[in-house]
Amino acid sequence: MSKQQRWNELADVKDELASRDWFPGTSGNVSIKVSDSPLAFYVSASGKDKTKRTSEDFLLVDQFGEPVEETHLKASAETGIHCEVYRLTKAGCCLHVHTVDNNLISELYGDAGEITFQGQELIKAFGIWEEEGRITVPIVENYADLSKLSEAVGTVIKQDTKAVLIRNHGITVWGRNAFEAKKHLEAFEFLFSYHIKLQTLNVLNKNQSFGGVKNGTTTIS
Ligand SMILES: CSCCC(=O)C(=O)COP(=O)(O)O
Ligand SMILES: [Zn+2]
(Lines give C-alpha, C1' and ligand atoms only; values in the text may rest on other atoms or scores of the structure.)
(Ligands and ions follow the chains in the order given, each with its own letter.)
Protein backbone atom coordinates (compact mmCIF):
# COMPACT_ATOMS: atom_id res chain seq x y z
CA MET A 1 0.00 0.00 0.00
CA SER A 2 1.28 3.51 -0.82
CA LYS A 3 2.08 6.17 1.76
CA GLN A 4 -0.91 8.16 0.53
CA GLN A 5 -3.21 5.18 1.10
CA ARG A 6 -1.85 4.81 4.65
CA TRP A 7 -2.40 8.54 5.25
CA ASN A 8 -6.02 8.25 4.04
CA GLU A 9 -6.62 5.20 6.21
CA LEU A 10 -5.36 7.06 9.28
CA ALA A 11 -7.37 10.17 8.42
CA ASP A 12 -10.51 8.03 8.06
CA VAL A 13 -10.06 6.31 11.42
CA LYS A 14 -9.33 9.68 13.07
CA ASP A 15 -12.59 11.06 11.60
CA GLU A 16 -14.54 8.09 12.93
CA LEU A 17 -13.14 8.50 16.46
CA ALA A 18 -13.82 12.24 16.25
CA SER A 19 -17.46 11.53 15.36
CA ARG A 20 -17.71 9.74 18.72
CA ASP A 21 -16.32 12.76 20.59
CA TRP A 22 -13.25 10.79 21.60
CA PHE A 23 -10.83 13.73 21.11
CA PRO A 24 -11.99 16.32 23.70
CA GLY A 25 -9.87 19.45 24.09
CA THR A 26 -7.33 18.47 21.36
CA SER A 27 -6.49 15.31 23.33
CA GLY A 28 -5.62 12.02 21.65
CA ASN A 29 -3.19 10.93 18.97
CA VAL A 30 -3.11 8.30 16.24
CA SER A 31 -0.50 6.57 14.12
CA ILE A 32 -0.18 4.06 11.30
CA LYS A 33 2.86 2.06 10.19
CA VAL A 34 4.20 2.74 6.71
CA SER A 35 7.28 0.52 6.73
CA ASP A 36 8.74 -2.16 8.97
CA SER A 37 12.41 -2.01 8.21
CA PRO A 38 13.38 0.66 8.84
CA LEU A 39 10.36 1.49 10.99
CA ALA A 40 8.43 4.51 9.74
CA PHE A 41 4.94 5.59 10.73
CA TYR A 42 2.60 8.52 10.30
CA VAL A 43 1.71 10.12 13.62
CA SER A 44 -0.66 12.99 14.33
CA ALA A 45 0.83 16.45 14.75
CA SER A 46 0.83 17.78 18.31
CA GLY A 47 -1.82 20.09 19.71
CA LYS A 48 -4.15 19.97 16.70
CA ASP A 49 -7.91 19.84 16.85
CA LYS A 50 -8.27 16.16 15.93
CA THR A 51 -11.88 16.65 14.87
CA LYS A 52 -10.72 18.62 11.81
CA ARG A 53 -9.27 17.04 8.65
CA THR A 54 -6.35 18.97 7.15
CA SER A 55 -3.30 18.34 4.99
CA GLU A 56 -1.10 18.97 8.05
CA ASP A 57 -2.62 16.34 10.34
CA PHE A 58 0.23 13.81 10.17
CA LEU A 59 3.99 13.59 9.74
CA LEU A 60 6.24 10.65 9.02
CA VAL A 61 8.59 9.66 11.85
CA ASP A 62 11.20 6.96 12.48
CA GLN A 63 11.70 4.43 15.29
CA PHE A 64 12.83 7.26 17.59
CA GLY A 65 9.84 9.47 16.75
CA GLU A 66 12.04 11.82 14.71
CA PRO A 67 10.65 13.27 11.44
CA VAL A 68 12.03 11.50 8.37
CA GLU A 69 10.94 14.24 5.97
CA GLU A 70 11.38 18.00 6.05
CA THR A 71 8.46 19.49 8.00
CA HIS A 72 7.54 22.36 10.28
CA LEU A 73 5.10 20.06 12.12
CA LYS A 74 5.77 18.78 15.62
CA ALA A 75 5.02 15.12 16.27
CA SER A 76 2.55 14.26 19.03
CA ALA A 77 3.98 14.76 22.51
CA GLU A 78 3.17 11.07 23.07
CA THR A 79 4.96 9.74 19.98
CA GLY A 80 7.36 7.89 22.29
CA ILE A 81 4.48 5.67 23.41
CA HIS A 82 3.67 4.80 19.78
CA CYS A 83 7.37 4.00 19.25
CA GLU A 84 7.24 1.55 22.16
CA VAL A 85 4.10 -0.11 20.80
CA TYR A 86 5.69 -0.62 17.36
CA ARG A 87 8.95 -1.81 18.95
CA LEU A 88 7.28 -4.42 21.15
CA THR A 89 4.29 -5.64 19.13
CA LYS A 90 3.22 -6.47 15.58
CA ALA A 91 0.90 -3.44 15.57
CA GLY A 92 0.18 -1.67 12.30
CA CYS A 93 -1.92 1.07 13.85
CA CYS A 94 -2.02 2.64 17.31
CA LEU A 95 -4.78 4.86 18.76
CA HIS A 96 -4.87 6.96 21.93
CA VAL A 97 -8.05 8.60 23.27
CA HIS A 98 -9.18 10.24 26.48
CA THR A 99 -12.73 9.33 27.54
CA VAL A 100 -14.53 9.73 30.85
CA ASP A 101 -15.05 5.96 31.02
CA ASN A 102 -11.40 5.02 30.41
CA ASN A 103 -10.30 7.65 32.95
CA LEU A 104 -12.73 6.32 35.57
CA ILE A 105 -11.57 2.73 35.08
CA SER A 106 -7.92 3.80 35.24
CA GLU A 107 -8.52 5.56 38.55
CA LEU A 108 -10.72 2.85 40.11
CA TYR A 109 -8.17 0.11 39.27
CA GLY A 110 -4.98 2.21 39.20
CA ASP A 111 -3.71 0.90 42.55
CA ALA A 112 -4.27 -2.69 41.38
CA GLY A 113 -2.24 -1.92 38.26
CA GLU A 114 -4.64 -3.73 35.90
CA ILE A 115 -8.23 -4.60 35.15
CA THR A 116 -9.44 -7.95 33.82
CA PHE A 117 -12.70 -8.57 31.96
CA GLN A 118 -14.37 -11.97 31.73
CA GLY A 119 -17.80 -13.31 30.81
CA GLN A 120 -18.57 -10.65 28.21
CA GLU A 121 -19.48 -11.51 24.62
CA LEU A 122 -17.46 -8.59 23.29
CA ILE A 123 -14.20 -10.19 24.47
CA LYS A 124 -14.46 -12.04 21.14
CA ALA A 125 -13.55 -8.74 19.47
CA PHE A 126 -10.01 -9.42 20.72
CA GLY A 127 -9.93 -12.82 18.99
CA ILE A 128 -10.57 -14.63 22.30
CA TRP A 129 -13.25 -17.25 21.72
CA GLU A 130 -12.81 -19.55 24.75
CA GLU A 131 -15.74 -20.05 27.14
CA GLU A 132 -13.77 -18.56 30.04
CA GLY A 133 -11.88 -16.07 27.87
CA ARG A 134 -10.47 -13.06 29.67
CA ILE A 135 -8.58 -9.93 28.75
CA THR A 136 -6.37 -7.85 31.02
CA VAL A 137 -5.46 -4.21 30.53
CA PRO A 138 -2.42 -2.99 32.48
CA ILE A 139 -2.58 0.48 34.07
CA VAL A 140 0.44 2.77 34.47
CA GLU A 141 0.82 6.04 36.36
CA ASN A 142 0.55 9.24 34.35
CA TYR A 143 4.15 10.43 34.61
CA ALA A 144 4.66 14.05 33.55
CA ASP A 145 8.06 13.06 32.15
CA LEU A 146 7.02 11.64 28.79
CA SER A 147 10.16 9.52 28.41
CA LYS A 148 9.37 7.92 31.75
CA LEU A 149 5.74 7.47 30.67
CA SER A 150 6.78 5.78 27.38
CA GLU A 151 9.14 3.51 29.32
CA ALA A 152 6.39 2.62 31.82
CA VAL A 153 4.05 1.72 28.96
CA GLY A 154 6.76 -0.40 27.32
CA THR A 155 7.39 -2.25 30.56
CA VAL A 156 3.81 -3.55 30.87
CA ILE A 157 3.37 -4.63 27.23
CA LYS A 158 3.40 -8.44 27.06
CA GLN A 159 2.80 -10.77 24.10
CA ASP A 160 -0.99 -10.72 24.42
CA THR A 161 -1.42 -7.12 25.56
CA LYS A 162 -3.74 -5.13 23.33
CA ALA A 163 -3.95 -1.85 25.23
CA VAL A 164 -2.50 0.09 28.15
CA LEU A 165 -4.43 2.49 30.37
CA ILE A 166 -2.65 5.58 31.64
CA ARG A 167 -4.09 6.65 34.97
CA ASN A 168 -6.46 9.61 34.76
CA HIS A 169 -5.24 10.21 31.25
CA GLY A 170 -6.49 7.76 28.61
CA ILE A 171 -6.02 4.52 26.71
CA THR A 172 -3.46 3.51 24.11
CA VAL A 173 -4.69 0.61 22.01
CA TRP A 174 -3.42 -1.07 18.87
CA GLY A 175 -4.13 -3.66 16.21
CA ARG A 176 -2.52 -5.21 13.16
CA ASN A 177 -4.20 -2.53 11.04
CA ALA A 178 -6.55 0.46 11.42
CA PHE A 179 -9.67 -1.72 11.26
CA GLU A 180 -8.45 -3.97 14.10
CA ALA A 181 -7.14 -1.08 16.24
CA LYS A 182 -10.54 0.65 16.02
CA LYS A 183 -12.35 -2.62 16.77
CA HIS A 184 -10.21 -3.11 19.90
CA LEU A 185 -10.77 0.48 21.01
CA GLU A 186 -14.55 0.24 20.59
CA ALA A 187 -14.65 -3.07 22.44
CA PHE A 188 -12.60 -1.72 25.36
CA GLU A 189 -14.74 1.40 25.64
CA PHE A 190 -17.87 -0.81 25.66
CA LEU A 191 -16.42 -2.97 28.45
CA PHE A 192 -15.40 0.12 30.47
CA SER A 193 -18.83 1.71 30.12
CA TYR A 194 -20.64 -1.52 31.01
CA HIS A 195 -18.43 -2.06 34.06
CA ILE A 196 -18.93 1.46 35.41
CA LYS A 197 -22.71 1.33 34.92
CA LEU A 198 -22.92 -2.08 36.59
CA GLN A 199 -20.78 -0.93 39.55
CA THR A 200 -22.90 2.21 39.91
CA LEU A 201 -26.12 0.17 39.92
CA ASN A 202 -24.62 -2.20 42.50
CA VAL A 203 -23.76 0.73 44.78
CA LEU A 204 -27.25 2.20 44.36
CA ASN A 205 -28.85 -1.17 45.18
CA LYS A 206 -26.63 -1.59 48.23
CA ASN A 207 -27.45 1.90 49.49
CA GLN A 208 -31.17 1.25 49.12
CA SER A 209 -30.93 -2.08 51.00
CA PHE A 210 -28.99 -0.44 53.80
CA GLY A 211 -31.06 2.71 53.92
CA GLY A 212 -28.73 4.69 51.70
CA VAL A 213 -31.58 6.87 50.51
CA LYS A 214 -31.68 9.87 52.84
CA ASN A 215 -34.14 12.75 52.61
CA GLY A 216 -35.34 11.40 49.30
CA THR A 217 -31.80 11.60 47.85
CA THR A 218 -29.88 8.49 46.83
CA THR A 219 -26.23 8.90 47.65
CA ILE A 220 -23.38 7.07 45.97
CA SER A 221 -20.45 6.64 48.29
C1 LIG B 1 -4.91 18.57 25.96
S2 LIG B 1 -4.46 16.92 25.87
C3 LIG B 1 -2.84 16.80 26.61
C4 LIG B 1 -1.84 15.98 25.81
C5 LIG B 1 -2.38 14.61 25.56
O6 LIG B 1 -2.56 13.84 26.50
C7 LIG B 1 -2.76 14.17 24.25
O8 LIG B 1 -3.25 13.08 24.08
C9 LIG B 1 -2.56 15.03 23.04
O10 LIG B 1 -1.23 15.36 22.83
P11 LIG B 1 -0.72 15.62 21.34
O12 LIG B 1 0.68 16.19 21.52
O13 LIG B 1 -0.73 14.31 20.63
O14 LIG B 1 -1.65 16.60 20.70
ZN1 LIG C 1 -3.08 11.78 25.88
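Me: How far is the sulfur of C94 from the closest cysteine sulfur, and in which residue is that one?
Reply: The closest cysteine sulfur to that of C94 is in C93, at 7.3 Å, which is too far for a bond, since a disulfide is counted as a pair of cysteine sulfur atoms within 2.5 Å. C94 has a relative accessible area of 0% and is therefore buried, where buried means under 20%, exposed over 50% and partly exposed in between, with a 1.4 Å probe and protein chains only.

Me: And what about C83, buried or exposed?
Reply: C83 counts as buried because its relative accessibility is 8%, and its sulfur is too far for a bond as well, with the closest cysteine sulfur, in C94, 9.8 Å away. The count of disulfides comes to zero by this rule.

Me: Before we go on, what kind of model is it, and how is it numbered?
Reply: This is a predicted model, in which local features need pLDDT of at least 70 and side-chain atom pairs count only at pLDDT 80 or more, while totals for chains, interfaces and linings use all residues. Residues are numbered from 1 along each chain as its sequence is written, chains are lettered from A and ligands numbered from 1 in the order in which they are written, and side-chain values use heavy atoms, with hydrogens and water left out.

Me: OK, new topic: which residues does UniProt list for "binding site"?
Reply: The unreviewed UniProt entry lists H96 and H98, although such annotations may be inferred rather than shown by experiment.

Me: Where does H96 lie, and what does its side chain make a polar contact with?
Reply: H96 lies in strand β4, residues 93-97 (strands are DSSP runs of E, at least two residues, numbered from the N terminus), and it counts as buried because its relative accessibility is 1%. Its side chain makes a polar contact with the side chain of E78 at 2.9 Å, a polar contact being a pair of N or O atoms within 3.5 Å, where within protein one must be able to donate a hydrogen and the other to accept it, and residues adjacent in sequence count only if both atoms are side-chain atoms.

Me: And H98, how does it sit relative to ligand 1?
Reply: A polar side-chain atom of H98 lies 3.1 Å from an oxygen atom of ligand 1, and the H98 side chain also makes a polar contact with that of H96, at 3.1 Å.

Technical notes:
Helices (H or I, at least four residues) and strands (E, at least two) are DSSP runs, numbered from the N terminus.
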